[in-house]
Amino acid sequence: MAIALMSHIRLIGLRTQQNKILDVLTEKGMFEVRQTDELPVELAREKSSKHKELKRKQDKIVFALGFLKARHSAMQNMLLAHKKDESVDFFYELSGEKYKDARTLIEKDDFSDVRAKEYDLLSVCDALEGISFEIVETESKLNAISVAAAERAPYSASPLKLSELGAHGKVALLLYHSPQRKNVESALDEIGCAYDVNNGLVTVVCHAKDEAEVDKTMSAFGYAKCALTDDCTAKEKISELKKQYEKTEKEIFDLTKKALGYEKYVKELKILYDVIGLEIERAEAEGGFLKTDETFVLEGWLPEAYAQKTVDEIKSACPSTFIQLLAPEEKDEPPTLVQSNKVVEPYESITNLYSPPKYREIDPNPIMAIFYFLFFGIMIGDAAYGLILAVVGLIAGLSKKFDKGVKSVILLVAMGGVSAIIWGILFGGYFAIDFGANKVALWFNPLEEPMTLLILSIVLGCVQLVVGYAIKFVRLCMDGKPFSAIFDAGSIIILFGALGCLASSMLFDNVPKGVTTAAIVLAAVGLALIVIFGGRKNKKIFGKVFGGLTGIYGLVNLLSDILSYCRLFGLGLASCAIGFAFNTLGGMLLSVGPAGYIPGAIVLVVFHAFNIGIGVLGAYVHNARLQFLEFYGKFYDGGGRLFAPLGSSTRYIRFE
């Protein structure tokens with residue numbers, strides 16, 4: 001379990017064999033392209049001409065998938081809206097096609113089959129694009145009908161044909177509307193008009209010469225003049241528009257139905273997206289090659305364990321190829337490939353959330369996994385909860401349904417469940433049931449002895465901090481800085497030794513007096529190292545003399561780190577207390593008699609499920625925080641770049 005050693009491969013081959021060489025490297029899934037170094041010869045870099053065309057194809061697929069997803073949702077809405085309207089023929093049986101972003105597990109043969117269907121699938125994209133234009137045009141028509149109906153709605157109570165409005169010789173027939181009823185009668189009387197007021201609708205008959213004055217008066221009162229000229233009443237026109245609307249709506253339904261007929265190609269379109277994505281990766285890689293008319297230069301990274309075998313396969317396929325395997329130079333920054341066993345592998349996701357390790361850094365995952373495992377179980381603290389998490393998590397995590405990232409989290413929780421079983425047995429926690437005088441705990445019950453749980457949390461925290469400083473000590477020694485290891489890490493380890501001796505003398509009886517003496521001596525030595533050598537890096541004498549005092553002040557932060565582990569105590573105790581409270585509530589319902597059995601059972605199941613859920617969430621987040629800040633903060637830099645082999649970046653698919 002360590003960071004895999006990388007080999008720098010440099011390859012010079014014939015351009016006629018370039019695709020064959022890339023096929024070998026891509027098939028293995030263990031080659032990451034590296035920008036080719038400038039060689040002492042006159043070579044040219046070419047930009048791949050097909051890159052733009054490949055991106056165009058991929059964009060067409062993205063549009064097609066997005067359009068189908070939108071039409072699927074639109075069809076659901078249309079069917080729901082017309083569910084009770086039997087007068088309209090809106091019937092369609094939606095497929096179970098789901099548009100999730102989770103990657104689908106496929107076989108290599110499926111990948112090859114879709115590659116061969118590229119022309120037909122791109123034709124599907126073109127067809128969907130054509131349908132989308134038709135739908136946009138029809139929806140615009142539908143909106144225009146809605147606007148026209150809305151314009152006529154205020155005048156639907158008028159019996160007049162709209163074409164009759166306006167001036168007719170010396171007489172003008174006018175129609176006005178206002179959403180609010182306003183007293184305009186007196187103003188119209190002054191002009192000398194005949195009028196009819198019906199709610200917000202005012203019909204006016206006046207001399208043609210008074211039309212302008214009537215318009216001005218009605219406008220002042222907030223009335224809008226009807227300028228429509230339909231050769232029918234507004235009500236008749238609205239009825240006509242309603243029929244047009246229903247007809248146009250049916251056209252959209254039919255077009256949507258036609259579009260969803262292509263849903264059967266969704267899976268293949270997703271595969272084709274990644275097929276083209278891999279071709280884009282190769283095209284981008286080719287764009288970084290140095291080339292002549294006849295040859296090309298390729299450079300990249302291979303895990304050392306696979307390097308020679310890969311070279312042999314390339315040589316077998318293309319004997320004329322020249323290949324060098326080089327060790328990484330000091331200036332190089334190779335990618336990080338962490339090699340862990342099946343137990344530790346899920347914990348890599350926690351470290352990657354913080355930052356992947358650098359290539360030349362110590363892999364922290366094996367040690368971090370031990371503490372994460374222990375802390376998770378304490379925070380859950382119940383064997384029954386742990387059994388549920390372990391069984392469900394292992395079944396789900398070992399299935400092929402989930403992607404690697406999701407599977408890692410599931411397995412992480414499953415192993416946390418195993419830890420919860422162990423701690424639950426020690427604590428006597430089984431669905432937080434109160435067993436009364438029966439002592440079921442192999443060690444102690446946190447609700448009865450909370451201080452013991454607090455001490456346990458702090459002790460485990462101190463152990464992890466000591467391990468962190470020990471790793472820092474080893475790392476500084478490996479970097480050729482033994483004095484820094486002693487002064488910066490060793491001094492803190494000595495202080496923890498003093499703290500351990502002091503705690504032993506306080507917590508246990510019959511401890512030899514020499515333990516207390518050892519605590520005093522170790523504390524004095526540790527503090528002396530900090531005070532004397534804490535300012536050694538300062539250039540000025542004053543800084544060297546008094547710089548150590550800042551190190552003493554820094555011990556306050558160390559105390560804060562120790563107290564951070566009280567969250568183990570807090571979450572573990574909370575899980576027990578909340579479960580106990582739920583049992584009390586459920587027990588009250590069950591005690592009522594047969595009428596309370598079902599409600600009581602429902603309360604217990606739902607509430608305990610809730611307790612498990614918040615327990616897992618709290619354990620996952622707070623556990624990660626302890627690793628990131630308290631543990632990794634002592635020795636870990638991170639900032640590495642994960643190994644990304646050619647052909648591994650897929651969006652919709654994954655291989656076994």
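**Glutamine 18.** I looked up glutamine 18 and found it buried, at a relative accessible area of 6%; buried means under 20%, exposed over 50%, and partly exposed in between, with a 1.4 Å probe and protein chains only. The model is predicted, so I note that local features need pLDDT of at least 70 and side-chain atom pairs count only at pLDDT 80 or more, while totals for chains, interfaces and linings use all residues. Residues are numbered from 1 along each chain as its sequence is written, and side-chain values use heavy atoms, with hydrogens and water left out. Glutamine 18 sits in helix 1 (residues 18–28); helices (H or I, at least four residues) and strands (E, at least two) are DSSP runs numbered from the N terminus. Leaving aside neighbours within four places in sequence, I list Glu286, Phe289, Lys291 and Phe296 as its contacts, contact being heavy atoms within 4.5 Å.

**Leucine 646.** I placed leucine 646 in the loop between helix 19 and strand 15 (653–655). Its relative accessibility is 6%, so I count it as buried. Residues up to four places away in sequence aside, leucine 646 touches Leu22, Thr26, Gly29, Phe31, Glu32, Val33, Glu281 and Arg282.

**Largest nonpolar core.** Which residues touch the most other members of the largest nonpolar core? I found Ile350, Tyr372, Leu456 and Phe496, out of 50 residues. By definition a nonpolar core is a set of buried Ala, Val, Leu, Ile, Met, Phe, Trp, Tyr and Cys residues joined through side-chain atoms within 4.5 Å. The elements giving two or more residues to this core include helix 11 (365–380), helix 14 (450–478), helix 15 (482–507) and helix 19 (594–635). Helix 19 gives the most, with 10 residues. Another core lies apart from this one; it has 31 residues, among them Val114, Leu122, Tyr273 and Tyr652. I also listed the contacts of isoleucine 350: Met368, Tyr372, Leu412, Tyr620, Ala624 and Phe628, not counting residues up to four places away in sequence.

**Serine 491.** I found serine 491 in helix 15. It is buried, with a relative accessible area of 1%. Neighbours within four places in sequence aside, serine 491 is in contact with Ile486, Gly526, Leu529 and Ile530.

**Helix 6.** I checked helix 6 (residues 211–220) and found Glu211, Val214, Thr217 and Met218 buried. Seen down the helix axis, the buried residues fall within an arc of 125°, so they line one face of helix 6; the arc is that of the directions from the helix axis to the C-beta atoms. Ala212, Lys216 and Ala220 are exposed on the other side. Among the elements covering the buried residues I noted helix 5 (185–191) and strand 9 (201–207). Glycine 222 follows helix 6 and has a positive phi, near 85°.

**Strands 8 and 9.** I found 5 bridges joining strand 8 (residues 194–198) to strand 9, and the two run antiparallel; strands pair if DSSP finds at least two bridges between them. Tyrosine 195 stands opposite valine 204 in strand 9. The two strands form a hairpin with 2 residues between them, and asparagine 199 in the turn has a positive phi of about 55°.

I found phenylalanine 431 in the loop between helix 13 and helix 14, with phi near 55°, a positive value in a residue other than glycine. Phenylalanine 431 is partly exposed, at 33% relative accessible area. Alanine 432 lies in the loop between helix 13 and helix 14 and has phi near 55°. I count alanine 432 as buried, at 15% relative accessibility.
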